[in-house]
Amino acid sequence: MKAIVCTKYGPPEVLRFQEVDKPSPRDHEVLVKVHATTVTAGDVRMRGFVVHLLFWIPSRFMLGWRKPKSSVLGVEFAGEVESVGKGVTRFQLGDRVYGAPAWLQLGCYAEYVTVPEDGIITQIPAGKTYQEVASIPFMGIGALYFLRKANLKKGQKILIYGASGAVGTYAVQLAKYFGAEVTGVCSTANLEMVKSIGADKVVDYTQEDFSKFGETYDIVFDTVGKSPFTKCIRSLKKDGVYILADQRFMQTIRGIWTSLTSRKKMITHTAVAKDSDLEFLNELLESGAVRPVIDRVYPFDEMVEAHRYVDKGHKKGNVIINVVS
């Protein structure tokens, strides 16, 4: 089968088309013919080995010394069940499904991927395309995880920094579903889009300083790791929660210190996906409470160009790859 292989750490050009062995499903696995996948910020950091200097050596041992241990990147997929293991009862041939590989595994930049039937996988709702659902298993679950960890409640006020990004667009919609008052922070070009997905208020960070409005929030959710840290902390209520989804080193250190010296809490955990989370998001997708925001769609053979685009850090929502044209 064809796959996009990361031959070494570096710029997008290190990605190469290559023939690799087609996987076979084990007893309780399904083999999925991948129709669509995504390019996430995590994918481009993995490809470029973007880690803090203090973590360079341990990260090399964990991720791979000269190239990623999993040379085929990609954390989420949408496709069709092509075959099933002999113990599989939940899915059958031809089912339209989407999901993510087992935790801490990759492999979706390929024509086929195997997934445990009791893993992060579910059927695509009728009327939804492969491209629409491809970004939910990782980015959608990530946003859901952090909001649940922060114990977001109806009536609370939340500020979402990076509201137009992949995690941010899901966070805005989920926060509204949970009954929160949402303020989204983004650039000028994305104000109307963030309003359209449910934000009660929007702030253009290129023109305004949200911390000078005098408002305080129960939760400040930085989805991109670029928020002005001290301003976020000052904008929190006394028992407020600061969520940092993109764990930049110094941000994390400052946040831990703040957590220890005040009643304000910081959440930086890596999201752990559960199949029940995907089922919950699937219900919201069917009801229309959540809709994926898609910035661009690239064909499989333009993966390098897609990575170049995501590297710029200005994507709106999600970047989708059509594996099957």
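**Asn151**

I looked up Asn151 and found it in the loop between α4 and β8 (157-161). Helices (H or I, at least four residues) and strands (E, at least two) are DSSP runs, numbered from the N terminus. Asn151 is not a glycine, yet has a positive phi of about 60°. I noted a relative accessible area of 44%, so Asn151 is partly exposed. On this scale buried means under 20% relative accessible area, exposed means over 50%, and partly exposed lies in between (1.4 Å probe, protein chains only).

I wrote down the terms of reading: this is a predicted model, in which local features need pLDDT of at least 70 and side-chain atom pairs count only at pLDDT 80 or more, while totals for chains, interfaces and linings use all residues. Residues are numbered from 1 along each chain as its sequence is written, and side-chain values use heavy atoms, with hydrogens and water left out.

**α4 and α5**

Next I took helix α4 (residues 136-149) and helix α5 (residues 166-177), whose axes come within 8 Å and cross at roughly 55°. Axes are lines fitted to C-alpha atoms, for helices over the stretch in contact, and angles run from 0 to 180 degrees between N-to-C directions. α4 and α5 are therefore oblique to each other; under 35 degrees counts as roughly parallel, over 145 as roughly antiparallel, 65 to 115 as roughly perpendicular, and the rest as oblique.

I then listed the contact (heavy atoms within 4.5 Å). From α4, Ile136, Met139, Gly140, Ala143, Leu144 and Leu147 meet Ala166, Val167, Tyr170, Ala171, Leu174 and Ala175 of α5.

**The cores**

A nonpolar core is a set of buried Ala, Val, Leu, Ile, Met, Phe, Trp, Tyr and Cys residues joined through side-chain atoms within 4.5 Å. Which residues touch the most other members of the largest one? I found Ile158, Ile160 and Phe221, out of 50 residues. α4 gives the most to this core, with eight residues. Leaving aside neighbours within four places in sequence, Phe221 is in contact with residues including Ala143, Leu147, Ile158, Ile160, Val167 and Ala171. Another core, of 39 residues, lies apart from it, and I noted Ile4, Val5, Val39 and Val97 among them.

**Val81**

Is Val81 buried or exposed? Val81 is buried, with a relative accessible area of 2%. I placed Val81 in strand β4 (residues 77-84). Ten residues apart along the chain, Val81 and Phe91 have C-alpha atoms separated by 7.7 Å. Leaving aside neighbours within four places in sequence, Val81 is in contact with Val30, Leu31, Val32, Phe91, Gln92, Leu93, Gly94, Asp95 and Val97.
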